[in-house]
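Have a look at the chain below and turn it around for a while. Then let us walk through it together, one part at a time.

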Amino acid sequence: MARSKSSLTSPRTGSDVIYVNMLGQHIVVLNSAVAATELLDQRGANYCDRPDFTLFEIMGWGRTLTFLKWGEQFKLHRKMFQSTFSRSNVGIFRPMQLQESRKAVRSLIKGPDNWRESTLLMTTSIIFRIAFGQEVPSESSPYCEMTKAASQATTAGGIAGTSLVDIFPPIQFVPGWINPSAVLRHARVSRNAIQAVHDQPWDSNMRAIEAGTAPYSFMKIHWDRFVESAKAGRPQEASLADIKGATGATIIAGGNTTWATVLSCMLFLTRHPEAQRRDKHAYRGFGDRCELKCLDDFIMETMRCLPLNPLNIPHKSLRDDVYRGMFIPAGTMVLTNTTAMATDAGTYKDPNVFDPSRYDRGEPYPLGNFGFGRRKCPGNWLALASVYMFLATFLAVFELEQALDDEGKPKIPEPGVSVGLGGHPLPFECVLKVRSQEMARLLMEDA
Ligand code: HEM
């Protein structure tokens, strides 16, 4: 590819747009926000397809928006998500998100060492309530087990669209015992767990819908529309399989991603105690503009410093294109390097320093953690509200300290991310200390 003038260039090629050919597959990696915006946002109509995700289809994620190729079904699912989770509509879930945040902080007051489990239970319950109207009351709920199995299967699939079976689909027909692909064997055994995530909460919520007791949820909204159209004799926009697939997709796309972001925030709060001190009096509630800005800046800086999907989920082009004199053939897989964008020295002063106050100086929030163009994450407003509400509640009660090693030296958590779809921060330690007994008491009394 030709040399570009962008500041974010690869030292080897001198370009912010890198081309690779892998077994005949054209792959383009965009290393700058400018290139990603110009191609995926401004020419979004051409870059809205996805590569074949054969591995995820084998697992049972066939009707999952994330993996749908461009076409009528994609447009339908995208509309279902965008209409339900638009910025103006997500406010409807706020009381429930706040209730789950308070529940989680109460359980942390009782058992601060269980912070991983308590925060996972919170994000699981939030997403099950949003998707299926089903609260997840405790870690022993079968929903926790099936979500864990489904997430592990999906994460073990590696970088989406790059496994052996994605690149060479016929390999899926080779019998398991001679098949060289461990992830493919894993995908086959994961089917039951993934099917369970679609079926079991659906059946429970259907009983509640029939009894007239079901709360507002993604499933209920789209089921009600389905019933209304049937009664009016109108043609159905979405089939039952579409509604079921999209509802299941909400769980896999929106549960662990939100949990991983909560964990990242805890990691950076532990690593940078000064960030807690700076905003000590700011984290008090939900609503005041100044509080909102402080906490938003902290969350954005966390996302900038540790993108959980460093190469994002691949897009694919539909038609031939020419960009800055470079020819990009139809069918090219396009990856966006969010880490490169987030550490661009032309955009961020001292990009490797964690500094939420950089946004007071006018530096832009990171671009790309939620993707680009017509495939941009439709759950981003919802996810950020969950993270925000938990942190605001948590920091009103607790502060985080670094754990000590055997010699009494602090163990400073190192930011790192696991490989695979929906990465997680690598394991780290932290110690939760109650900072405000008064807030803790108020929260416990409010139960
Ligand atoms: C902090 C949490 C989250 C992060 C970091 C995140 C990140 C992402 C990213 C990077 C993509 C790919 C975008 C692209 O291809 O350009 C994506 C897609 C998607 N996300 Fe999220 N997400 C989060 C939460 C959620 C939530 C809560 C939901 C559901 C309510 C959700 C639903 C989806 C769906 C359905 C897609 C596929 C969109 C498509 O292919 O058209 N996400 N997300």
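## The model and the chain

This is a predicted model, in which local features need pLDDT of at least 70, side-chain atom pairs count only at pLDDT 80 or more, and totals for chains, interfaces and linings use all residues. Residues are numbered from 1 along each chain as its sequence is written.

The chain has 16 helices and 8 strands. Here helices (H or I, at least four residues) and strands (E, at least two) are DSSP runs, numbered from the N terminus. Of the 447 residues in the chain, 44% are buried. A residue is called buried if 20 or more other C-beta atoms lie within 10 Å of its own, exposed if 12 or fewer, and partly exposed in between, with C-beta atoms placed from the backbone.

Two residues are in contact if their C-beta atoms, placed from the backbone, lie within 7 Å. Take the contacts between residues at least 6 apart in sequence: 70% of them join residues at least 24 apart.

## A sheet of four strands

In which order do the 4 strands of the open sheet come? The order is S1-S2-S6-S3, and the pairing is mixed. S1 and S3 are the edge strands, each pairing on one side only. Two strands pair if DSSP finds at least two bridges between them.

Strand S1 (residues 17–22) and strand S2 (residues 25–30) run antiparallel and are joined by 6 bridges. Across this pair, tyrosine 19 stands opposite valine 28 in S2. The hairpin of S1 and S2 has 2 residues between the strands, and leucine 23 there takes a positive phi near 50 degrees.

S2 also pairs with strand S6 (residues 333–336): these two run parallel, with 4 bridges. Isoleucine 27 stands opposite methionine 333 in S6, and leucine 30 has threonine 336 as its bridge partner. Strand S3 (residues 315–316) runs antiparallel to S6 with 2 bridges, and there lysine 316 stands opposite methionine 333.

In a regular strand the side chains alternate between the two faces of the sheet. In S6, Met333 and Leu335 point one way and Val334 and Thr336 the other way, and all are buried. Helix H1 (residues 33–41) lies across S1, S2, S3 and S6, running at about 140 degrees to S6. Such axes are lines fitted to C-alpha atoms, for helices over the stretch in contact, and angles run from 0 to 180 degrees between N-to-C directions.

Alanine 246 has its place in helix H10. Why does alanine 246 count as buried? Because it has 24 C-beta neighbours inside 10 Å. Not counting residues up to four places away in sequence, alanine 246 touches Arg63, Leu65, His77 and Met80. Its C-alpha atom is separated by 10.0 Å from that of glycine 62, 184 residues apart along the chain.

Phenylalanine 128 is found in helix H5 (residues 115–132). With 25 other C-beta atoms within 10 Å, phenylalanine 128 is buried. Its contacts, leaving aside neighbours within four places in sequence, are Gln134, Val136, Tyr143, Pro201 and Ile251. Phenylalanine 128 and phenylalanine 218 are 90 residues apart in sequence, and 9.8 Å apart in space, C-alpha to C-alpha.

## Around the ligand

Which of the 28 residues around the ligand come nearest? They are Ala253, Gly254, Gly371, Cys377 and Gly379. A residue is near a molecule or strand if its C-beta atom, placed from the backbone, lies within 6 Å of it. The elements that give two or more residues to this shell are helix H3 (72–84), helix H10 (240–254), helix H11 (256–271) and helix H15 (380–397). H10 gives the most, with 4 residues.

By class, the shell has 13 nonpolar, 12 polar and 3 charged residues. Ala, Val, Leu, Ile, Met, Phe, Trp, Tyr, Cys and Pro count as nonpolar, Asp, Glu, Lys and Arg as charged, and the others, Gly among them, as polar. As for H15, 14 of its 18 residues are buried, so it is largely enclosed by the rest of the structure.
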